[in-house]
Amino acid sequence: MLEGSAGGSNGAALAQMQSAKLINRGEDGRGGTTLGETYSILVEKVGIQTSEARTASDVARATLNQSIAMRESASGVNMDEEAANLIRFQMSYQAASQVISTAQRLFDTLINSVGR
C-alpha cells in the first residue's frame, strides 16, 4: 500500500490543493491564485482571443469581398458591347478591303488602257 492512502489523506491533500493558492504567489508565499481560478482565467483569455480572431477574420473576408467587387466593377467587360464592337470592326475591315480591291481594279484598268 502507498503511504498515507489508508486514511484517505491523499484525497484530503488533493482537496486542499484545489483551494490552495499555488500559482503566482509572491516571494513571501502570500497571494496567488488557485488552480481553478487560474484555469478560469486561461479559459477566459482563450475565449477573448478566439472572439478577436473571428472578428478579424470576418473583417478581412468582408474587405476582400469588397475589394473583389470594386475591381470587377472597375474592369468589368460587357460581353454584349464587346460582341457588337467586334462585328462593327469586322464590317469596317470588310469595307476597307472592298475599297482596296476596287482601287486595285481601277489601277489595273488604267495601266492596261495606257499601255495599249
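**Exercise 1. Which residues make the nonpolar surface patch of about 360 Å², and how accessible is methionine 17?**

Solution. 
- Step 1. Leu14, Met17, Leu22 and Leu35 make the patch. The model is a predicted one.
- Step 2. Check its accessibility. Methionine 17 has a relative accessibility of 39%.

**Exercise 2. Find the salt bridge and say where its two residues sit in helix 2.**

Solution. 
- Step 1. Count: the structure holds 1 salt bridge.
- Step 2. Name the partners. Arginine 61 pairs with aspartate 58, and their closest N and O atoms are 3.4 Å apart.
- Step 3. Test the distance. The cut-off is within 4 Å, and the 3.4 Å pair forms a salt bridge.
- Step 4. Look at the spacing. Both residues lie in helix 2 (residues 35-75), 3 residues apart, so about one helical turn separates them.
- Step 5. Side chains of opposite charge can pair when their charged atoms come close.
- Step 6. Arginine 61 has a relative accessible area of 47% and is partly exposed. Aspartate 58, at 45%, is partly exposed too.

**Exercise 3. Describe the protein chain: what are its elements, and what percentage of its residues is buried?**

Solution. 
- Step 1. List the elements. There are 3 helices and 0 strands. The order from the N terminus is α-α-α.
- Step 2. Read the burial. Of the 116 residues, 3% are buried.

Methods:
Residues numbered from 1 in each chain as written. Predicted model: local features only at pLDDT ≥ 70, side-chain atom pairs only at ≥ 80, totals over all residues. Heavy atoms only, no water. Salt bridge = Lys/Arg side-chain N within 4 Å of Asp/Glu carboxyl O. Helix = DSSP H or I, 4+ residues; strand = E, 2+ residues; numbered from the N terminus. Buried < 20%, exposed > 50% of the residue type's maximum accessible area, 1.4 Å probe, protein only. Patch = residues over 30% accessible without salt bridge, like charges linked within 9 Å, V, L, I, M, F, W, Y side chains within 5 Å. Areas by Shrake-Rupley, 256 points an atom, 1.4 Å probe, with all protein chains shown as cover.
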